[in-house]
Amino acid sequence: MARMKFLSDAERCIECNGCVTACKNEHELPWGVNRRRVVTINDGVPGEKSISVSCMHCSDAPCMAVCPTNCFYKTEDGVVLHNKDACIGCGYCLFACPFGAPQFPSGPAAFGARGKMDKCTFCSGGPEENNSKEEFEKYGRNRISEGKLPACAEMCATKALLAGDAPVISDIFRDRALRRGKAGDAAWGWTTAYGKPEQAQERTQERAREQNREGQK
Amino acid sequence: MNNKETNLKRRSFLLAAGVGSAGAVAVVATAVTGKEVAKPVVVSAEEKSGSYEQTAHVSNYYRTARV
């Protein structure tokens, strides 16, 4: 059983907002609803960092815990989804979410008048039949059932935004971290983001040697 | 005189064609609206299939992310 996760590599994100655009286009989202956005820390200062944020499909999701109508559910892949037919638009999930993921199409308004909550579905649709018209209108496209991954991650030009099975993408990120070597204030720029291929090979060989040694013990 | 007769014939033809096409539109519209609107099928999370699989497309994505 897979466990779906997003992972944003701050060293690689160039704040192009390609992920935001890909998401909006893929699901034909209305004005005012951004399931994904790019946040930049120390904007304009050398060494600024950007990360792409959306619903992180938490293992212990606070939105699920606070929902008064219990409209959230988790798929077998660990994706947190919700049933819009049960949502009353109270906004509790918005206050509970540490990432600001829940979106309300009617904007800030009086209690219960925000409309149905909308959020990232990890491109997995909703409770309706896969790839049906109803599912698309309520939740957007269901790419997972088509054997694909979320559009935002697939679209990312620098592959800063990773999406997929947690062990696989964490392994990809670990390789990148090894290639970068020591972190710190000086660790910034192209070589840090992408490393040198020779360094990566050395690291991989070193790791293989270590594993062999451990295996012999 | 002859011209006048021709003009009348043409007008009656156009009128007949117009009435005919309006009738056809009405028949089609009735057929379309007469259909029952399909109700959305809600499947519970447990029953729903189509979960993640590492397809060739996904493997290709993982390969490009390793660059």
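These legends describe close-up views of a predicted model with chains A and B.

Residues are numbered from 1 along each chain as its sequence is written, chains are lettered from A and ligands numbered from 1 in the order in which they are written. In this predicted model, local features need pLDDT of at least 70 and side-chain atom pairs count only at pLDDT 80 or more, while totals for chains, interfaces and linings use all residues; side-chain values use heavy atoms, with hydrogens and water left out.

**View 1. A salt bridge links Arg176(A) and Asp9(A).** Their side chains meet at 2.9 Å, N to O. A salt bridge here is a side-chain nitrogen of Lys or Arg within 4 Å of a carboxyl oxygen of Asp or Glu. Arg176(A) sits in helix α6 (residues 166-180) of chain A, and Asp9(A) in the loop between β1 (4-8) and α1 (18-27) of chain A, so the pair ties together parts that are 167 residues apart in sequence. Helices (H or I, at least four residues) and strands (E, at least two) are DSSP runs, numbered from the N terminus. Arg176(A) and Asp9(A) are both buried. Buried means under 20% relative accessible area, exposed over 50%, and partly exposed in between (1.4 Å probe, protein chains only). Over all chains, the structure holds 13 salt bridges.

View 2. Lys138(A) pairs with Glu128(A) at 2.7 Å, N to O. Lys138(A) is partly exposed, with a relative accessible area of 21%. Glu128(A) counts as buried, at 0% relative accessibility. Lys133(A) pairs with Glu137(A) at 3.7 Å, N to O. Lys133(A) counts as exposed at 60% relative accessibility. Glu137(A) counts as exposed at 58%. Elsewhere, salt bridges that share partners join Glu26(A), Arg141(A), Arg143(A) and Glu154(A) into one network.

**View 3. The largest nonpolar core has 33 residues.** A nonpolar core is a set of buried Ala, Val, Leu, Ile, Met, Phe, Trp, Tyr and Cys residues joined through side-chain atoms within 4.5 Å. Touching the most other members are Phe6(A), Phe122(A), Leu149(A), Leu161(A), Leu162(A), Tyr52(B) and Tyr62(B). Two or more residues come from each of β1, α1, α5 (151-155), β6 (161-165) and α6 of chain A, together with α2 (56-65) of chain B. α2(B) gives the most to this core, with 4 residues. Apart from this core lies another, of 10 residues, among them Cys63(A), Cys71(A), Cys93(A) and Met117(A). In soluble globular proteins, nonpolar side chains tend to be buried together.

**View 4. Leu162(A) has contacts in both chains.** Contact means heavy atoms within 4.5 Å. Neighbours within four places in sequence are left aside. In chain A, the partners of Leu162(A) include Lys5(A), Phe6(A), Leu7(A), Ala153(A), Ile169(A) and Arg176(A). In chain B, Leu162(A) is in contact with Tyr61(B) and Ala65(B).

**View 5. Chain A meets chain B.** In this interface, 37 residues of chain A are in contact with 20 residues of chain B. The two chains bury about 2200 Å² between them, 56% of it on carbon and sulfur atoms. Buried area is the accessible area (1.4 Å probe) that two parts lose on being put together, summed over both. The rule finds 2 salt bridges across the interface. Asp171(A) forms a salt bridge with Arg66(B), the closest N and O atoms being 3.6 Å apart. α4, α5, β6 and α6 of chain A each supply at least two residues of the side of chain A that touches chain B. α6(A) gives the largest share of that side, 7 residues.

**View 6. Val39(A) is found in strand β2 (residues 37-41) of chain A.** Val39(A) is partly exposed, with a relative accessible area of 34%. Val39(A) and Ser50(A) are 11 residues apart in sequence and 5.5 Å apart in space, C-alpha to C-alpha. Leaving aside neighbours within four places in sequence, Val39(A) is in contact with Lys49(A), Ser50(A), Ile51(A) and Val53(A).
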